[in-house]
Amino acid sequence: MTNMLLQIKDLRTHFFTESGVVRAVDGVSFDIAPGKTLGVVGESGCGKSVTGYSILQLINPPGRIVGGQILFEREKNGRKEVVDLLKYGARSEDIRQIRGNEIAMIFQEPMTSLDPLFTVGDQLAEAILVHQKVSKRSALDRATELLDKVRLPQARELLNKYPHQLSGGMRQRVMIAMALSGQPKLLIADEPTTALDVTTEGQILDLMQSLQEEFGMAMLFITHDLGVIAEMAEEVVVMYLGRVVEKTDVRTLFDAPKHPYTRALLESIPKVGHKHDGPLQTIEGMVPSPFNIPQGCPFHPRCARFMPGICDEAVPAETPLERSHTVRCYLYSEQAEGDRYGNPA
Amino acid sequence: MTRYIVRRLLQFIPSMILIAFVGFVIMELPPGDYVSNYIRAQALAGNQDMVAQEAALRQQFGLDQPFLIRFANWTINLIRGDFGISLATRMPVSEIIGSKLGATVAVSLCVFILSWAIGIALGVYSATHQYSKTDNFLTTISFIGLGLPDFLIALAFLVLAWQLTGQVLTGLQSPEFIGKPFSIPLLLDFLKHLWIPVTAVVVTGMAWVMRVMRGNLLNELGKNYVTALRAKGVPERTVIWKHAFRNALHPLIGALSQTLAFLVNGFVITSVVLDLPTIQVTYLDATQAQDLFLAGTILTLIGFLVLLGTLVSDLLLAWLDPRIRFS
């Protein structure tokens with residue numbers, strides 16, 4: 001466990017709505033090593049994006065981070081120190097200095113992630129000026145370099161363009177350039193290519209990989225697309241209804257998935273070269289209402305290997321298999337969590 | 001940009017003619033005209049001699065001409081800067097309007113500046129502190145402001161002031177100061193009267209600005225770019241004032257188009273209730289008396305201010321929003 005860049009421990013982010021509490025993230029733990037890419041995969045509503053937003057405390061009311069730790073290893077004055085990001089207030093100067101500087105983020109909707117009233121240059125320069133004491137002129141020079149880095153042609157002219165004059169792919173490149181401005185140690189990418197067409201998606205993914213190498217940053221890559229996971233991630237976390245159900249490296253995920261949910265997810269992808277009769281495999285049933293998460297293993301109502309009296313009683317504990325592979329399923333261990341909210345016994 | 005402004009200004013001309021024409025037609029709709037009303041009133045008062053002069057009077061005012069000719073004559077004179085005379089007072093229309101304009105603009109400007117400044121400030125506070133005690137309190141106040149008509153609030157203030165001081169603060173000046181040259185006591189007396197209409201109209205105006213500001217800012221604060229700004233480490237104050245606030249100004253600037261006209265046409269009933277020497281009361285009286293040229297001129301003035309207000313608000317929107325500027 002030594003030398004981890006970011007360690008999320010038992011993170012809980014709940015939304016206190018008028019119709020009840022949504023436990024969007026309910027006891028999530030995982031680590032990210034420096035320079036590596038961790039993929040977080042799951043269906044919509046499984047809490048993967050909320051996990052990403054929680055790291056930088058970008059949760060808006062009625063959501064609130066109610067528990068856990070997010071330990072981040074940073075270098076301050078040449079000395080390494082580990083800080084708990086959740087100790088900082090969401091509006092504090094401490095978290096502000098980390099946002100966009102040591103940990104940056106890019107988003108699912110490049111079309112709406114830029115302020116429509118300011119030029120690309122203004123917004124890039126702003127990202128630089130809020131963290132570095134430089135002149136506006138040198139910030140704009142740096143902005144031009146960054147636009148070159150994300151392979152946008154005619155960077156100089158682009159500085160004076162407004163967001164509505166750019167395509168979705170171009171805007172996402174601008175967002176990436178902005179994220180790179182502080183040379184972050186970690187980039188959180190929340191479904192960065194979901195809103196883009198397939199050709200653009202490929203280009204953006206290639207770009208992100210080469211920039212990751214150049215900048216030596218770690219990435220938390222959030223997506224529902226297993227294809228993208230295969231291309232981008234080294235380690236993978238599979239989430240279901242606010243919990244991590246399986247954690248492993250990307251090879252094992254595709255070669256030897258353990259959790260019935262992971263297996264079902266993989267079976268629902270069409271495979272090239274496999275002749276397959278009949279309709280595509282789908283997962284039985286619907287994702288349960290977030291207000292009414294099933295007792296026990298949250299996946300049991302849809303699970304093909306449901307064991308009555310076991311799976312619907314208590315949440316299974318996180319069971320280590322070989323190497324870094326862990327899974328939460330009674331097929332591999334009889335151990336349950338301390339209580340049904342997942343507090344360790 | 002200059003060409004755009006010139007083109008818009010040229011479009012004013014046909015619009016103005018149309019506004020004046022429709023106004024004239026509406027003035028003609030009730031039976032009779034100013035002269036027949038006047039003669040009837042004189043006859044009722046026992047002045048039967050006037051009846052014989054009806055035709056002469058009508059000829060004197062030019063009311064015997066066909067409608068279109070009357071309209072054409074008036075329009076041509078208007079362009080020359082001659083607004084005609086008020087039939088009721090026989091005074092030049094320009095003189096009447098001129099004498100009312102000062103008081104009207106004084107009250108309206110106070111109302112406008114205060115209700116927008118207070119409304120925007122409270123709206124931003126409310127939105128950035130959503131569901132806090134202060135927000136709930138301000139929201140309640142704004143609904144009361146929206147629900148109560150301004151003339152009722154004015155009446156309540158009037159009664160309150162009377163009960164506390166024994167003074168009836170109607171109008172904008174005490175009788176002893178009317179027509180006197182400027183002095184410090186005169187100014188104090190003016191301010192003593194001014195607060196009633198201003199406060200009453202500001203309560204309702206501010207409530208509206210506040211609701212719009214709060215709603216829009218909340219809408220903007222929920223958008224992705226705000227989260228993206230926070231994620232890049234922009235301080236919250238900058239996120240709100242430099243980014244979300246400017247985006248939220250859109251509908252308020254749109255509403256600005258009505259504001260110039262409001263300056264001479266707003267709070268009519270309050271003006272009547274408080275007996276304010278404002279142009280809106282003159283307009284109301286002139287319409288009731290079929291005082292054709294006076295009413296027509298004021299209507300044209302209001303129409304002009306609506307057009308000008310729309311142009312100003314369009315230009316402001318273009319300045320604010322590149323998406324409008326480039327299309």
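B:Lys100 is in contact with B:Pro277, B:Thr278, B:Ile279 and B:Thr282, leaving aside its neighbours within four places in sequence. This is a predicted model. In it, B:Lys100 lies in helix H6 of chain B. B:Lys100 has 20 other C-beta atoms within 10 Å, so it is buried. The predictor gives the complex an ipTM of 0.90 and a pTM of 0.85.

**Around B:Lys100 and helix H14 of chain B**

- B:Lys100 and B:Gln280 are 180 residues apart along the chain. Their C-alpha atoms are separated by 9.1 Å.
- B:Gln280 belongs to helix H14 of chain B, which spans residues 279-288. The buried residues of this helix are B:Ile279, B:Gln280, B:Thr282, B:Tyr283 and B:Ala286.
- Why do they sit on the same side of H14(B)? They cover an arc of only 155° around the axis, and this puts them on the same side.

**Nonpolar cores**

- The largest nonpolar core has 134 residues. Those with the most contacts inside this core include A:Leu124, A:Ala177, A:Leu186 and A:Leu220.
- Which helix gives the most to this core? Helix H9 (residues 184-221) of chain B does, with 14 residues.
- Domain 1 and domain 2 of chain A both give residues to this core, so it lies between them.
- A:Leu186 is in contact with A:Leu5, A:Leu6, A:Ile32, A:Ile103, A:Met217, A:Ala218 and A:Leu220. That list leaves aside neighbours within four places in sequence.
- Another core, of 25 residues, lies apart from the largest one. Among its residues are B:Ile39, B:Val93, B:Leu292 and B:Phe293.

**Where chain B touches chain A**

- 20 residues of chain B are in contact with 24 residues of chain A.
- Which elements give two or more residues to the side of chain B that touches chain A? They are helix H10 (224-231), helix H11 (236-248) and helix H16 (322-325) of chain B.
- H10(B) gives the largest share of that side, 7 residues.
- By class, the residues on that side of chain B divide into 8 nonpolar, 5 polar and 7 charged.

**The two domains of chain A**

- The domain assignment gives chain A a domain 1 (1-102 + 186-345) and a domain 2 (112-181).
- Taken over C-alpha atoms, the centres of the two domains are separated by 30 Å.
- 13 residues of domain 1 are in contact with 11 residues of domain 2.
- Helix H7 (residues 198-215) of chain A gives 7 residues to the side of domain 1 that touches domain 2, the most of any element.
- How many residues of each class does this side of domain 1 have? This side has 9 nonpolar, 4 polar and no charged residues.

**Backbone details in chain A**

- A cis peptide bond joins A:Pro61 and A:Pro62, with omega about 10°. A:Pro62 is in the loop between helix H1 (48-55) and strand S4 (63-76) of chain A.
- A:Asp10 is a residue other than glycine with a positive phi, near 50°. A:Asp10 is in strand S1 (residues 6-17) of chain A. Is A:Asp10 buried or partly exposed? A:Asp10 is partly exposed, because 14 other C-beta atoms lie within 10 Å.
- A:Leu241 is a residue other than glycine with a positive phi, near 45°. A:Leu241 lies in the loop between strand S9 (235-240) and strand S10 (243-249) of chain A. A:Leu241 counts as buried because it has 23 C-beta neighbours inside 10 Å.

**Confidence**

- Chain B has a mean pLDDT of 87, and 100% of its residues reach 70 or more.
- Chain A has a mean pLDDT of 88, and 96% of its residues reach 70 or more.
- Which stretch of chain A has a pLDDT below 50? The stretch is residues 339-345. Beyond near neighbours in sequence, this stretch has 14 contacts in the model.
- Where pLDDT is low, the predicted coordinates should not be read in detail.

Technical notes
Residues are numbered from 1 along each chain as its sequence is written. Chains are lettered from A and ligands numbered from 1 in the order in which they are written. This is a predicted model: local features need pLDDT of at least 70, side-chain atom pairs count only at pLDDT 80 or more; totals for chains, interfaces and linings use all residues. pLDDT is the predictor's confidence in each residue, from 0 to 100. A residue is buried if 20 or more other C-beta atoms lie within 10 Å of its own, exposed if 12 or fewer, and partly exposed in between; C-beta atoms are placed from the backbone. Helices (H or I, at least four residues) and strands (E, at least two) are DSSP runs, numbered from the N terminus. The arc is that of the directions from the helix axis to the C-beta atoms. A nonpolar core is a set of buried Ala, Val, Leu, Ile, Met, Phe, Trp, Tyr and Cys residues joined through C-beta atoms within 7 Å. Domain bounds come from an automatic or database domain assignment. Two residues are in contact if their C-beta atoms, placed from the backbone, lie within 7 Å. Ala, Val, Leu, Ile, Met, Phe, Trp, Tyr, Cys and Pro count as nonpolar, Asp, Glu, Lys and Arg as charged, and the others, Gly among them, as polar.
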